[in-house]
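Keep the sequence and the 3D view at hand as you read.

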Amino acid sequence: MSSLSKIKSRKYIPMRKIILTLILVFAFANLKADDFNLKLKDINSPKLTLSKITAVPCDLCGCYLGIDPNYNLSTAGFRYRYRGFTGVSNIASVNVDHESPAGQKEKYNTYEIWGRYYITPKLQLSASLPLGNNNIGGERFSGLGDLNVQLQYHIFNTNLQANTKFRNRLFLGGGIKFPTGKYNEKSSDGDIEPHFQAGTGSFDYILLATYLAKMNKVGLSTDVVYKMNTKNSNDYKFGNEFNLDASLFYEIVTKGVVFLPNAGVYFEQAPEGEMSGVPDPSSGGNVLFGSFGIDLSISKITLKLSYQAPISQKLNGGQPENDGRFISGFGFSF
């Protein structure tokens, strides 16, 4: 890692752009605040659709929300996530700087339990606990991941009337990622590669905003997440992460089932990580995905299938390139 001292930090998206993104989210919002006005008899009605309860998506930094017609109910569920990569470097073997030999496959599998609980009608507490099972060129790194806890406040929601065609809502919140995961597992050559681990070993802090606008059966959902990482006991710090997700969805209701086909883009960016304060040249960069999926709701059960395909990516050093990502899961509301 001594050669890292010769590497200068690269410039990335400044904080003012993050703030501008949040302002744009607000610019399209209806700023009239209103409490949830759904009565219990409406929630239990088999005719309840997104015309009364609209959608919220996100799978950013472990801050997944999902397009969920039961967004205003407490929910528990399970989720599976897969990320695939292919090495592009001409080096002979994997090293601590996360360069992978050309053609080598990296497969990251995450099995996650999650829950959401409404403390008040406007304040929700959510948490997720993952289990990682990563296959790096045939070598496995498995273990418990990091606990993620978030609080979100419902800033406003359109007052729904019989003739309401346009509606929108906004959630703002923050959270903490606790270092509960395994992060010191060694590879066959004795190195501890931070990116291969199930956890990061650090306390990290999250800011997030979720905005939805819907006209009749067509909607746009936007999520912005900024994650501030700290150093772990190995003196390694992942770069702070910025994520933006925007999706169009269409509501189809048939025989008591709500179908929500959706498509959009997902962008993530992070600067280089640091080892003992020195930039790691084979970390950080940005990638833009196209996302495609379908969510469905049957009474209090929600199901999700989604795929993300890389459109463009600019990664530092010889990092493996993104192949694609797959997400599936279910939730039960109560």
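## Before we start

This is a predicted model, in which local features need pLDDT of at least 70 and side-chain atom pairs count only at pLDDT 80 or more, while totals for chains, interfaces and linings use all residues. Residues are numbered from 1 along each chain as its sequence is written, and side-chain values use heavy atoms, with hydrogens and water left out.

## Aromatic pairs

Eight aromatic pairs turn up in a search of the whole structure. Rings of Phe, Tyr and Trp (its six-membered ring) pair if their centres lie within 6.5 Å; planes under 30 degrees apart count as stacked, over 60 as edge-to-face and the rest as tilted. One of the eight aromatic pairs joins Phe-78 and Phe-330 in a tilted arrangement, with 6.4 Å centre to centre and 40° between the planes. This pair links distant parts of the chain, since Phe-78 belongs to strand S1 (residues 75-86) and Phe-330 to strand S17 (residues 321-333), 252 residues apart. Strands here are DSSP runs (E, at least two residues), numbered from the N terminus.

Another pair, Tyr-236 with Phe-238, is edge-to-face, at 5.2 Å centre to centre and 80° between the planes. Tyr-236 is buried at 3% relative accessible area, and Phe-238 is buried at 17%.

## Around Phe-326

Strand S17 also contains Phe-326, which is partly exposed, with a relative accessible area of 31%. Together with Tyr-80 and Tyr-111, Phe-326 forms one aromatic cluster.

Which residues does Phe-326 touch, not counting residues up to four places away in sequence? They are Tyr-80, Arg-81, Tyr-82, Leu-305 and Ser-306, where contact means heavy atoms within 4.5 Å. Phe-326 and Tyr-82 are 244 residues apart along the chain, but their C-alpha atoms are separated by 5.1 Å.

## Tyr-108 and the nonpolar core

The largest nonpolar core has five residues in all: Phe-85, Tyr-108, Ile-136, Phe-141 and Phe-196. Such a core is a set of buried Ala, Val, Leu, Ile, Met, Phe, Trp, Tyr and Cys residues joined through side-chain atoms within 4.5 Å.

Leaving aside neighbours within four places in sequence, the contacts of Tyr-108 include Phe-85, Ile-136 and Phe-196, and also Arg-83, His-98 and His-195. Arg-83 lies over the face of Tyr-108, at 4.7 Å from the ring centre. A charge sits over a ring if NZ of Lys or CZ of Arg is within 6 Å of the ring centre and within 35 degrees of the ring normal.

## Salt bridges

Side chains of opposite charge can pair when their charged atoms come close. How many salt bridges does a search of the whole structure find? The number is twelve, with a salt bridge being a side-chain nitrogen of Lys or Arg within 4 Å of a carboxyl oxygen of Asp or Glu.

Glu-112 and Arg-81 form one, their closest N and O atoms being 3.6 Å apart. It links Glu-112 in strand S2 (residues 105-120) to Arg-81 in strand S1, 31 residues apart, and both partners are buried. Lys-105 and Asp-323 form another, with closest N and O atoms 3.6 Å apart. Because Lys-105 lies in strand S2 and Asp-323 in strand S17, this pair ties together parts that are 218 residues apart in sequence. Lys-105 is partly exposed at 42% relative accessibility, and Asp-323 is partly exposed at 35%.

In the bridge between Arg-325 and Glu-268, the closest N and O atoms are 2.7 Å apart. Arg-325 and Glu-268 are both buried.

Strands of a sheet pair through backbone hydrogen bonds, either parallel or antiparallel. Here three strands make an open sheet in the order S9-S13-S14, with antiparallel pairing. Strands S9 (236-237) and S14 (278-279) stand at the edges, each with a single partner strand, so one side of each has no neighbour in the sheet.

Strand S13 (residues 274-275) pairs with S14 over two bridges, and DSSP must find at least two bridges for two strands to pair. Met-275 stands opposite Val-278 in S14.

Note on methods. Helix = DSSP H or I, 4+ residues; strand = E, 2+ residues; numbered from the N terminus. Buried < 20%, exposed > 50% of the residue type's maximum accessible area, 1.4 Å probe, protein only.
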